[in-house]
Amino acid sequence: MSKHWRPFIGMPGSKPLLSRRMAGIEPFHVMDILAQAREMDARGRDVVHMEVGEPDFPSPRPIVDAGIRSLQQGKTHYTAALGLPELRQAISDYYLSRFDVQVDAARIVVTPGASGALQLILGVLINPGDKVLMADPGYPCNRHMVRMFGGEAVSLGVKASQNFALSNDQVIRNWDSATRALMVATPANPTGRLLNPQQLRFLYDAVRAPAGMLIVDEIYQGLVYDQPVETALKLGQDNLFVVNSFSKFFGMTGWRLGWIVAPPEYVPALDRLAQNIFLAAPTMAQYAALAAFEPATLEILEQRRRVFQERRDYLYDVLVNLGFRIQGKPEGAFYLFADISAFSSDSFDFARKLLDEAAVAITPGRDFGSYRADRFVRFAYTTDLERLKLGVERLSRFLA
Ligand SMILES: Cc1ncc(COP(=O)(O)O)c(C=O)c1O
């Protein structure tokens, strides 16, 4: 080798030269736990998975059939960047039939998952230095996506005693001239808590007063128990972006499909940005999703919702009896966010030991923020009741 040889950037083995923004993008800590759980699975150890944030059911048959049919019919080309017109119309019809809200299909933008929706919204709204308020704990990708666009995520700690919901007072106190938007999710990840229509109205008013934007993530809409399913779209159409997805309620995580309902004047910018970063959402998925609103599919989804409710009721009761503190039964999603301070002051260590010693995988609080994160873990009831019972048996032996 020449003595003048030296490694250069981009050469295998050299250190990658990453953008400064990457310093703020954290990995999912649960990925470590997931990797370890998968390795244990591979070694033949039977792990009970309560860390997985997606339904255990496969996509409903009518959706799968519609997807297969679209491929057989050669529908494999790009769609319009805003999405298939018939899917945008089907979503609009669904809002009318299920929620009694009129939403013009022209305001609906079909995206690659809620993830794509959030990127488009932040991309058209955020200037470098703009602040976006959000709850801690909350969905971790939100703060990373804000950073991706040069914005500053302002995480506001929310307590179990306030149902992990941001109050309008907190929003008003923390809003300054650099604040552009507030992001909320209802039902929320990781807490499963719902914002009631009045709370949403207060938040909307708090954000609208300084001409800010409210971004409401309704990805767990439909997975609501003991009360009617609502939508923030009833609030109005200005200063409001609603995000939704076919991932959770519709059981289509792997198809990568979601949508935005935007104020009409933002649609051309969303269209332009979508053309440039995604071109369009997956075509096969869009055709498959046309079957998502058929009565036969909705019946399957309703049965599944009841199964999730049964799991929630079981798991909530046993966890509380074991000494986990959960303030009230979460109204939605498929998560229980439990305070473990009766057992440990380090939820990451608790989750790791629970996996090592009892082969039960859960998610530590630090994946969802830093506010009191060491005290909380998330249990996902995305596994069947028999497995949940086995997990609970192991958990109680572990605690003993
Ligand atoms: C609150 C919330 N928003 C958005 C997403 C992203 O979902 P997807 O891109 O699959 O639609 C998730 C996924 O877990 C989530 O929990």
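How do the axes of helix H1 and helix H11 cross, and within what distance do they come? The axes of helix H1 (residues 30-42) and helix H11 (residues 347-358) cross at roughly 5° and come within 11 Å. The views below show a predicted model, in which local features need pLDDT of at least 70, side-chain atom pairs count only at pLDDT 80 or more, and totals for chains, interfaces and linings use all residues. Residues are numbered from 1 along each chain as its sequence is written.

**View 1. Helices H1 and H11 are roughly parallel to each other.** Roughly parallel refers to angles under 35 degrees; axes are lines fitted to C-alpha atoms over the stretch in contact, with angles from 0 to 180 degrees between N-to-C directions. Ile33, Gln36 and Ala37 in H1 meet Ala351, Arg352 and Leu355 in H11. The residues of this contact comprise 4 nonpolar, 1 polar and 1 charged. Two residues are in contact if their C-beta atoms, placed from the backbone, lie within 7 Å.

**View 2. Buried residues of helix H5 (residues 140-148).** Pro140, Asn142, Arg143, Met145, Val146 and Arg147 are buried, with 20 or more other C-beta atoms within 10 Å of their own, C-beta atoms being placed from the backbone. The buried residues of H5 pack against H4, strand E3 (131-136), strand E4 (152-157) and strand E5 (179-185). Just after H5, Gly150 has a positive phi of about 85°.

**View 3. The shell around the ligand holds 13 residues.** The closest are Gly113, Ala114, Ser115, Ser245 and Ser247. Helix H4 (residues 113-125) supplies the largest share, 3 residues. The shell divides into 4 nonpolar, 8 polar and 1 charged.

Methods
A residue is near a molecule or strand if its C-beta atom, placed from the backbone, lies within 6 Å of it. Helices (H or I, at least four residues) and strands (E, at least two) are DSSP runs, numbered from the N terminus. Ala, Val, Leu, Ile, Met, Phe, Trp, Tyr, Cys and Pro count as nonpolar, Asp, Glu, Lys and Arg as charged, and the others, Gly among them, as polar. A residue is buried if 20 or more other C-beta atoms lie within 10 Å of its own, exposed if 12 or fewer, and partly exposed in between; C-beta atoms are placed from the backbone. Angles under 35 degrees count as roughly parallel, over 145 as roughly antiparallel, 65 to 115 as roughly perpendicular and the rest as oblique.
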